[in-house]
Amino acid sequence: MSEEILSEAERALAAGDAEAAERALTRQWNNPAKAPADALHLWGAIRMAQRRLGDAEEFLRRAVKSEPKALRHHIALGHALSAAGNSGAAAEAYANAIKIDPNWPGLHMVYARACYASGRAQDAEAAARKAVQQTANADSYDALSNALRAQNKADEALAAADDALKVDSSHDPALHSRGAALLALGRADEALEVFDILVARGVTAPVLWLNRGAALEQLGRVREAQGVYDDAQRRWPHHPNLQDRLAQRRPQ
């Protein structure tokens, strides 16, 4: 009976009906505290779909505690923590998953991203290099470029971004990484060309606006840079940390 309930809940969740999935689970386990790890995992996935990320973390931590050697619980916990913006804890969850199976597809990639987001650039580089060894695609090379740039290895970061674009010339994140590396190398005119291409493609992101403003600044086009920063402030008035970064980058 339990397997049938789990399958029913999984089908409902896959169909986008988180509430139906939960109803199926509660028919069998009215008290989630007494549910097995597979059901706890599913409850975590349901809470993820509902964007109740704190509850998702709680369910998935219970699943990990119940089955500490189950790879999927650690990975799902990492995803929930990443979605909540807790990159440091996500990196820890992914690292625990890697201890269980270091060859699981994509695992080094998500670990690299979590390390980079939490300021652990050296760990991000090591993980990204393993991701490249595992699957040399634009995403893994781009992750490597980001990690290298965070360590002021701009030449190597540019080379990694170029490797990503050789694999996929339309990969916008890698193109932005190329522009950011050029900017770090003081090649602001080339960087600005890259950022303008991304804007023309319809890419909108705070970091793109910040870097485009910085390139204009380096070129002495202060008034245009001011306009870019003002536009960023209008577009993302509540973006975390954006206002502080704008204050740091705004021309005096």
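Predicted model: local features only at pLDDT ≥ 70, side-chain atom pairs only at ≥ 80, totals over all residues.

These entries record what I looked up, beginning with the helix.

Entry 1. I then asked which residues of α10 are buried, and noted Ala154, Ala157, Leu158, Ala160, Ala161, Ala164 and Leu165. They cover an arc of only 165° around the axis, so they sit on the same side of α10. The buried residues of α10 pack against α9 (138-150) and α11 (172-184), while the face turned away from that buried side carries the exposed residues Asp155 and Lys166.

Entry 2. I turned to Arg47, which lies in helix α3 (residues 37-49), and wrote it down as buried because its relative accessibility is 7%, under the 20% cut-off. Leaving aside neighbours within four places in sequence, I listed Glu22, Arg52, Asp55, Ala56 and Phe59 as the contacts of Arg47, and I noted a polar contact of 2.7 Å between the side chains of Arg47 and Glu22.

Entry 3. Is Arg27 buried or exposed? Arg27, in helix α2 (residues 18-28), counts as exposed because its relative accessibility is 53%, over the 50% cut-off. With neighbours within four places in sequence left aside, Arg27 is in contact with Ile5 and Glu8, and a polar contact of 2.6 Å joins the side chains of Arg27 and Glu8.

Entry 4. Lastly, I looked up Arg27 and His238, which are 211 residues apart in sequence and 41 Å apart in space, C-alpha to C-alpha.

Definitions and conventions: Residues numbered from 1 in each chain as written. Heavy atoms only, no water. Buried < 20%, exposed > 50% of the residue type's maximum accessible area, 1.4 Å probe, protein only. Helix = DSSP H or I, 4+ residues; strand = E, 2+ residues; numbered from the N terminus. Arc of directions from axis to C-beta. Contact = heavy atoms within 4.5 Å. Polar contact = N/O pair within 3.5 Å; in protein donor to acceptor, adjacent residues only side chain to side chain.
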